[in-house]
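Trainee: I would like to go through the labels attached to this model and check each one against its cut-off.

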Amino acid sequence: MTISDKTQIFAALPITVRIKKGKAKQGTTRFAYNFRIGRGEECDIQFNDPQVSSNHAEVFWEDGQWWVKDLGSKNGTYLNGSRITQVALPQQTALELAINGPVVELEIEQPQAKKAAAEEPRQAGMTQIAERYFSDDDTRQVGEHTMLIRQAFHKVRGKQRKRYRTIIGAVLAVLIIALGALYYQTQRVKKLEALHATAENVFYTARTLELQLAKLQARADLSSDPQVLEMRREQQQMEANYDKFMEELGISKEKLTEEEWLIYKVARLFGECTVSMPKGFVETVKQYIRYWRGSSRFANAVARARVNGYPKRIREIMLANGMPPQFFYLALQESNFDKEICGPETHAGIAKGMWQFIPGTAFKYNLRTGPLIDVRRADPLDERHNFEKSTLAAARYLNDLYQREAQASGLLVMACYNWKETRIREMLNQMPESPRERNFWKLLNRNLIPQETYDYVFYIVAAAVIGENPRLFGLGFDNPIKGDERD
């Protein structure tokens, strides 16, 4: 998805892509949704050419037309010989990926014009015949033959009028039924809108109670305090009521496809309000699921985690710190479960380990960094490479983000983790400190997320959806973090 419109999925006018020059896995392809061109396996049009960047360009639908955007490629994207950053596409054109590089032809389908049938003019001869044989004027003298024709015509017309009256009566009856159905549907829509608003209120009230309870627990051990216990019961009751509202609104396992149900389920597990999910979110997650299925990365990373016994322990640590075990997939996105991995040098230092802690965050959560802190190399003395200690620190860090910056929005926690809370805090502080007004949906609708962070969040959500039922997506193993919780 492009940052310019993250909720738009399907285009009104499909676009056809033909490979004119270069080696690509695809031939002629027709798209009705946003797509990427590049060398990477996640790209929809994939070239085997060193001039082409991993994610070279993106073609997307916005404001009723197709656009092309260069994704910071090394060798540039050219339209009619000119290097472009972002430009609206004409009806038919060719894109060149680098000078003398691969060329793709793009053709936007045009709507077929409706052809109005021209009414043929009446001929004068036909008018005269109609007046002679089918006139109601009995004063004119006509022959016997003409009179017989007139009588036969009047008889047939009488029968037709009776039939028309019957038809009109039936149409009126159908119209009355349709108006009744319309009234019923109108009332139903009003009821659903009211139910939607009630469900949303219940959800965010429960989230607010959750945050208040967390603050109380942080100050002192109040687990047995009667007031705290009552607040906890109220929160649990609200969660149960919200589940019932979801059923009434049609958000249930029985009324959705299995893939769609898993997407809603995962969003809920991460603490998002599913009844106010933005339009296009489900289709976008499906798109990122296709990216995962286009490579072996997911299967290989989970296999590494299972060999080392990571899934069960990550699950235990996350639950012990009040976080969904599905944050297991954040480590997949960060490092593919490689605890020895080291990131690139940045102004904040070198991120290391499975959870990719930078030095500042490591210090904050009591992780020793070791003597090779400024060297891009695994350090046995650096606790960021220690699975147990770094996972405990990651769970505490995620919980802090969940309760403070993200206001109980799990997807916003992911955005903060990738974007770093110091970079996102100023923007979040401009939003009210409440779960209803500060959550991932608000950030998504305002188009405030950088593309890197946007991809990061959707890759994790899509991975969590696949992980709920890997066999549904063609993988030969079961949910790696499956516990005893209900579906």
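Trainee: What makes Tyr-164, Ile-167, Ile-168, Val-171, Leu-172, Leu-175 and Leu-179 a nonpolar patch on the surface?
Mentor: Patches take residues with over 30% relative accessible area and no salt bridge, joining nonpolar side chains (Val, Leu, Ile, Met, Phe, Trp, Tyr) within 5 Å and like charges within 9 Å. These seven names form such a nonpolar patch, with about 670 Å² of accessible area together. Accessible areas come from the Shrake-Rupley method with a 1.4 Å probe, and for residues only the protein chains shown count as cover. Before going on, note that this is a predicted model, in which local features need pLDDT of at least 70 and side-chain atom pairs count only at pLDDT 80 or more, while totals for chains, interfaces and linings use all residues. Residues are numbered from 1 along each chain as its sequence is written, and side-chain values use heavy atoms, with hydrogens and water left out.

Trainee: Why is Tyr-164 called partly exposed?
Mentor: Buried means under 20% relative accessible area, exposed means over 50%, and partly exposed is in between (1.4 Å probe, protein chains only). Tyr-164 has 42% relative accessibility, so the label is partly exposed. Tyr-164 is found in helix α2; helices (H or I, at least four residues) and strands (E, at least two) are DSSP runs, numbered from the N terminus.

Trainee: Which residues gather in a patch of positive charge on the surface?
Mentor: Lys-155, Lys-159, Arg-161, Lys-162 and Arg-165 do. Lys and Arg count as positive and Asp and Glu as negative, while His and the chain ends are not counted. The place of a charge is taken as NZ of Lys, CZ of Arg, CG of Asp or CD of Glu. Arg-161 sits in helix α2 (residues 144–219), and its relative accessible area of 45% makes Arg-161 partly exposed.

Trainee: How many aromatic pairs does a search of the whole structure find?
Mentor: The search finds 25.

Trainee: Why is the pair of Phe-203 and Tyr-204 called edge-to-face?
Mentor: Rings of Phe, Tyr and Trp (its six-membered ring) pair if their centres lie within 6.5 Å; planes under 30 degrees apart count as stacked, over 60 as edge-to-face and the rest as tilted. The centres of Phe-203 and Tyr-204 are 5.1 Å apart and the planes are at 90°, so the pair is edge-to-face. Phe-203 is buried at 1% relative accessibility, and Tyr-204 is buried with a relative accessible area of 7%.

Trainee: What makes Phe-281 and Trp-441 an edge-to-face pair?
Mentor: Their ring centres lie 4.9 Å apart with the planes at 75°, so the label is edge-to-face. Phe-281 belongs to helix α5 (residues 281–293) and Trp-441 to helix α13 (residues 440–445), so the pair ties together parts 160 residues apart in sequence. Phe-281 has 2% relative accessibility and counts as buried; Trp-441, with a relative accessible area of 3%, is buried.

Trainee: How do you know that Arg-268 forms a salt bridge with Glu-239?
Mentor: A salt bridge is a side-chain nitrogen of Lys or Arg within 4 Å of a carboxyl oxygen of Asp or Glu. The closest N and O atoms of Arg-268 and Glu-239 are 2.6 Å apart, which meets the definition. This pair links distant parts of the chain, with Arg-268 in helix α4 (residues 258–269) and Glu-239 in helix α3 (residues 226–248), 29 residues apart. Arg-268 and Glu-239 are both buried. The structure holds 18 salt bridges.

Trainee: What makes Lys-286 and Glu-283 a salt bridge?
Mentor: Their N to O distance is 3.5 Å, so the pair falls within the cut-off. Both lie in helix α5, three residues apart, about one turn of the helix. Lys-286 is buried, with a relative accessible area of 13%, whereas Glu-283 is partly exposed at 24%.

Trainee: How do you know that Glu-437 and Lys-442 meet in a salt bridge?
Mentor: The N to O distance is 3.9 Å, so this pair also qualifies. Glu-437 is partly exposed at 27% relative accessibility, and Lys-442 is partly exposed at 28%.

Trainee: Why is Asn-80 called exposed?
Mentor: Its relative accessibility is 66%, so Asn-80 counts as exposed. Asn-80 lies in the loop between β7 (77–79) and β8 (82–84) and has a positive phi of about 55° although it is not a glycine.
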